[in-house]
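This briefing is meant to be read with the sequence and the model side by side. Please keep both in view while going through the points.

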Amino acid sequence: MKRSRMRAARRQILARAVLCGYNMLVHAKQNAKELRRVCPIHMKGAAVLQTLQERARTLPVTSCYDVVVAGGGIAGISAALAAVRRGAHTALIEKECLLGGMATLGLITIFLPLCDGRGRQVIYGIGEELLRLSVKHGAEARYPSAWLQSGPCEERRTQRFAVQYNPALFAIEAELLLLAAGVEIWYDTRVSAVAMDGPRVGALIVDHKSGRQAIGCQSVVDATGDADVCAVSGAPLAVFTENRLAWWYYADTGSGNELRPRALPLHQALPAGETYYPDLSRASVTGSLVEGRRRILGDFLMRRRKPSDFPTHLPLVPLLRMTRRLVGAYELDEGEEGDAFPDSVGMTGDWRKAGPVYEMPYRTLYTPSLHNLFAAGRCTSVTESMWDISRVIPTCAVTGEAVGAAAALCARKGCSAGELPLAQLQRELRSGDVRLHTSELDK
């Protein structure tokens, strides 16, 4: 009787698979315990049916662009703006339904410094433009009056060019800015694969509610934060396996919304009882989200003073600070502070302390093995120690602007990232008020 029930269950499962257009394959006995709870045919634990092979299908190529930017965080916004302003037909693909990524949906609402902490502005161009846009309707806190109201040099040495902004207003203003510039935004859309044309990405395969389709492209910018396009394109990657929990939120205390940033520091000994979130697996991502919300509830209840106090905003994306990145033509290291690079495409300071300035080499933004794929933001090619500096909002704007300009030029010239004339790219960036070398900073 037991054997007949198992045979009947097997027939039902195979029938459903045929109806769905899939073929079941025999796979190894990995995760068999979990599968047995679902399918009676796994009880013996011998040949475990565990994978599905998707039937080949023809996808419509619904659109073609000069530049496609994947990821609508700060790096993606900057890249799309830089590309469209250079005449490129540009699309921005965003899996969420709001721009900004961690900077809005993640409630990381502090635009970290554009300066070196010693009175010198380091980041200009789109980075400064976005900071000013974020406080167009007022700042939540940390208003940098010395910088936004032309304060004296002495005051700029004691106040960093940073601000706390409102995430909702910033996201809406960024959306309006992109649309006015001519960027086509694809919300609720995820890049799931690529179609390669030799060493080039010929099309992005995307999924959204209207089905799977292909988007043709001349140049691609990976600004996903997790190097998603690089991963499906076969680019060389590095992975950070020691993410710790972060749980930022807002609470209404009766006198207005209060930002409550909470995070376990990176690059320190992991506190007892804590755990790493080592990858982008379901378990790691879901675990970080669930535990973060549990911590928010505990923190809020501990600090609650009256019944009218409530949490008002929770992070809507995972707060995994470093996950995957490109291993590009060059990896910038934290120890190269102040070094001059002939191929610099912008600069950044160190948000953690005053003093350091880094030139950002163009070679950190692409890999020679993939001719038309660029990386921006948290995906760029840096060492692990430099990653903690390059992953933040202002630096993401710098690398985003650089690759947006490069992607547009490559699409126009029909050349690869490595073949692009550096002098032309640097001229384009300077025309957008970007300063490339430490020698160009105000004294």
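The structure is a predicted model, and the protein has an average pLDDT of 90, with 89% of the residues scoring at least 70. The protein contains 12 helices and 18 strands, and buried residues account for 51% of its 443 residues. Of the contacts between residues at least 6 apart in sequence, 68% join residues that are at least 24 apart.

**Confidence**

- Over residues 5–44 the pLDDT falls below 50, although this stretch still has 52 contacts in the model beyond near neighbours in sequence.
- Where pLDDT is low, the predicted coordinates should not be read in detail.

**Strand 10 and its partners**

- Strand 10, residues 211–222, is largely enclosed by the rest of the structure, because nine of its 12 residues are buried.
- Strand 9 (residues 200–208) runs antiparallel to strand 10 and is joined to it by six bridges, and the hairpin between strand 9 and strand 10 passes through two residues.
- Within the pairing of these strands, Ile-205 stands opposite Ala-214 in strand 10.
- Strand 3 (residues 61–70) pairs with strand 10 in the parallel sense over eight bridges, and Ser-63 stands opposite Ile-215 of strand 10.
- Strand 18 also runs parallel to strand 10, the two being joined by three bridges, and Val-221 has Phe-374 in strand 18 as its bridge partner.

- Three strands form an open sheet in the order 13-12-14, with antiparallel pairing.
- Strand 13 (257–260) and strand 14 (310–313) stand at the edges and have a single partner strand each, so one side of each is left without a neighbour in the sheet.
- From one strand to the next in this sheet, the twist averages 40 degrees.
- Strand 12, residues 249–252, pairs with strand 14 in the antiparallel sense over three bridges, and Tyr-250 stands opposite His-313 in strand 14.

**Helix 4**

- Helix 4, residues 125–134, is mostly covered, with eight of its 10 residues buried.
- The buried residues of helix 4 are Gly-125, Ile-126, Gly-127, Glu-128, Leu-130, Leu-131, Leu-133 and Ser-134.
- These buried residues pack against several helices, namely helix 3 (74–84), helix 5 (145–148), helix 7 (167–181) and helix 11 (393–413), and also against strand 5 (110–111) and strand 6 (163–164).

**Aromatic pairs and charges over rings**

- A search of the whole structure finds five aromatic pairs, one of which is the edge-to-face pair of Tyr-165 and Phe-170, at 4.9 Å centre to centre and with 70 degrees between the planes.
- Tyr-165 has a relative accessible area of 0% and is therefore buried, and Phe-170, with a relative accessible area of 2%, is buried as well.
- The rings of Tyr-330 and Phe-341 also form an edge-to-face pair, because their planes stand at 65 degrees, with the centres 5.7 Å apart.
- Tyr-330 and Phe-341 are 11 residues apart, and each lies in the loop between strand 15 (324–326) and strand 16 (344–349).
- Tyr-330 is partly exposed, with a relative accessible area of 22%, whereas Phe-341 counts as buried at 7% relative accessibility; the cut-off for buried is under 20% relative accessible area.
- Arg-295 lies over the face of Trp-247, at 5.3 Å from the ring centre, and Arg-435 lies over the face of Tyr-124, at 4.1 Å from the ring centre.

**Arg-363 and its surroundings**

- Arg-363 lies in the loop between strand 17 (357–361) and strand 18 (373–375), and this arginine is partly exposed, with a relative accessible area of 27%.
- Which residues does Arg-363 contact, leaving aside its neighbours within four places in sequence? Arg-363 is in contact with Gly-328, Ala-329, Tyr-330, Phe-341 and Asp-343, and among them Tyr-330 and Phe-341 are the residues of the edge-to-face pair described above.
- The C-alpha atoms of Arg-363 and Gly-418 are separated by 8.1 Å, although the two residues are 55 residues apart along the chain.

Conventions. Residues numbered from 1 in each chain as written. Predicted model: local features only at pLDDT ≥ 70, side-chain atom pairs only at ≥ 80, totals over all residues. Heavy atoms only, no water. Pairing = 2+ DSSP bridges. Helix = DSSP H or I, 4+ residues; strand = E, 2+ residues; numbered from the N terminus. Axes fitted to C-alpha atoms, helices over the stretch in contact; angles between N-to-C directions. Phe/Tyr/Trp six-rings, centres within 6.5 Å; stacked < 30°, edge-to-face > 60°. Buried < 20%, exposed > 50% of the residue type's maximum accessible area, 1.4 Å probe, protein only. Lys NZ or Arg CZ within 6 Å of the ring centre and 35° of its normal. pLDDT = per-residue confidence, 0-100. Contact = heavy atoms within 4.5 Å.
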